[in-house]
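Subject: Handing over the structure

Dear colleague,

I am passing this structure on to you, together with some notes on what was found in it. Please look it over first, and then read on.

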Amino acid sequence: MSQKIQSIKGMPDVFSPQIELWHFIETLSKKVFTQAGFSELRTPIVEDLGLFERGIGEATDIVEKEMYTLLDRNEKKLAMRPEGTASVVRAFIEHFASKGEMDKRFYYFGPMFRYERPQKGRFRQFYQFGAEIFGADEPTVDAELIQIIVQLLKELGVANYLLQVNSLGSASSREQYRTTLLQYLNKISDHLCDKCKERKDRNPLRVLDCKIPECQNYLQEAPVILDCLDEISKKHFDVFQNYLSIAGISYQLNPRLVRGLDYYEKTAFEFTSNQLGAQNAFAGGGRYNALVEQLGGPSVAAIGFAFGLERLSQLLEHLALPKNPVLLLVSLGSAASEHFFKQLPELRKKYQGQVLAELSEKGLKAKLKYANRIHADQVAMLGDDELQKGVVVLKNMQTSEQRELPLNNWMDNL
Ligand code: AMP
């Protein structure tokens, strides 16, 4: 036997029944976002490496050590996208901002790639569903985006979650905070883990993200960014929170929420659930007003978010999705097989469910055994006797009740 080729670590296959859950999430998400004025944008999986280096930030974990990079045959540096926002911004600049179309709402769906250590809820290829709003800097829009996410979660049936919000302020308030925080981190440096020691000088805000309890202990007393906000950012955050309250959306203020990407400013948020284990964040996002300009476009305000599909579907595993009814055609003899075979396309068009066919030369007993194994709801049986009589025998597999229906229009009586 040849050696078996296996899937790449952290890049799982997705199939039934999980895939049906994904279809359910995708269909509902597309509906909710379309109703709120978003249209789908599909960007390529591979982009210029520079897009992510400039977009996400060179001192972030993603760019420093998690990206799948490659050289094409022309030695051009490419990367498999680690997230969706940078690509959407690139496409927005290329096709819309360049024509003066600044007010745009997009959603996207697709695989992302990060070379992280795989564990429950963390993969190297994972799927995100995300949305971005361009051309609006009002805090009401930040609250509206959250309102749409909350509506979607409600329609999906996800109830057990926590929304955490924070403000990262403007670039200048973040700069001021950076200095204050660094002074504090230098004081407690001896108690921090090696990773935090290393992070502190390059990107001190990321130290706040550390999950190690000892670090978290010492970070309790760290200065918080909310104390460094300038007047405009403060007002933005107040109005945003007020609108969340008006919408009846409960949330928790988390002044340590910084998120892993450098482009966020002002509003940042994360949805977590204690049903998920260590990787408990299933959605996150925030405002990124400087990114469009940073990537070569005009100055256009923007905000966005992304769901992790694997984690969101984990929250919905208990859900009993409606099952499509299954009709199985069972023939006995070649004349019956030919008859059923010809009818297949019309039957599949008319029947509200799946139409499967068992037209082999096996006996009736084996075919009915198969019907049980695939949980067929109805079995249509046809043999030489039925052909002669001009009927089809339809068996309800739940009640075992059998009916004879006219051969030429039996599908109208299903
Ligand atoms: P981020 O782009 O890092 O803000 O992540 C947004 C969402 O994507 C997170 O809340 C997770 O649900 C999901 N996510 C991020 N990284 C991974 C990963 N390696 N595996 C699975 N899901 C992920």
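The notes below take up the ligand, the cysteines and a few local features of the chain.

Before the details, please bear in mind that this is a predicted model, in which local features need pLDDT of at least 70 and side-chain atom pairs count only at pLDDT 80 or more, whereas totals for chains, interfaces and linings use all residues. Residues are numbered from 1 along each chain as its sequence is written, and side-chain values use heavy atoms, with hydrogens and water left out.

I begin with the ligand. There are 15 residues around the ligand, and those that come nearest are Arg114, Glu116, Phe123, Gln128 and Arg259 (a residue is near a molecule or strand if one of its heavy atoms lies within 4 Å of it). Sorted by kind, the shell holds seven nonpolar, three polar and five charged residues, where Ala, Val, Leu, Ile, Met, Phe, Trp, Tyr, Cys and Pro count as nonpolar, Asp, Glu, Lys and Arg as charged, and the others, Gly among them, as polar. At least two residues of the shell come from each of β6 (125-134), β10 (281-287) and β11 (302-308), and β10 gives the most, with three residues; helices (H or I, at least four residues) and strands (E, at least two) are DSSP runs, numbered from the N terminus.

As for individual atoms, a polar side-chain atom of Glu116 lies 2.7 Å from a nitrogen atom of the ligand, and one of Gln128 lies 3.0 Å from an oxygen atom of the ligand. On its own the ligand has 480 Å² of accessible area, and the protein covers 91% of that (the areas come from the Shrake-Rupley method with a 1.4 Å probe; for residues, only the protein chains shown count as cover).

Next, the cysteines. The structure holds zero disulfides, a disulfide being a pair of cysteine sulfur atoms within 2.5 Å. For Cys193, the closest cysteine sulfur is in Cys196, at 3.6 Å, which is too far for a bond; for Cys196, the closest is in Cys210, at 3.6 Å, again too far for a bond. Cys193 counts as buried at 16% relative accessibility, and Cys196 counts as buried at 0%, where buried means under 20% relative accessible area, exposed over 50%, and partly exposed in between (1.4 Å probe, protein chains only).

Some backbone features also deserve a look. A cis peptide bond, with omega of about 5 degrees, joins Ser16 and Pro17, and Pro17 lies in the segment before α1 (18-35). Glu75, although not a glycine, has a positive phi of about 65 degrees; Glu75 sits in the loop between β3 (69-71) and β4 (77-80) and is exposed, with a relative accessible area of 59%. Ser400 likewise has a positive phi, near 70 degrees; Ser400 is placed in the loop between β15 (391-396) and β16 (402-406) and is partly exposed, at 45%.

Finally, Gln252 belongs to strand β8 (residues 252-253) and is partly exposed, with a relative accessible area of 40%. Leaving aside neighbours within four places in sequence, Gln252 is in contact with Leu162, Leu163, Gln164 and Val165, contact meaning heavy atoms within 4.5 Å.

With best wishes

Terms used: Polar contact = N/O pair within 3.5 Å; in protein donor to acceptor, adjacent residues only side chain to side chain.
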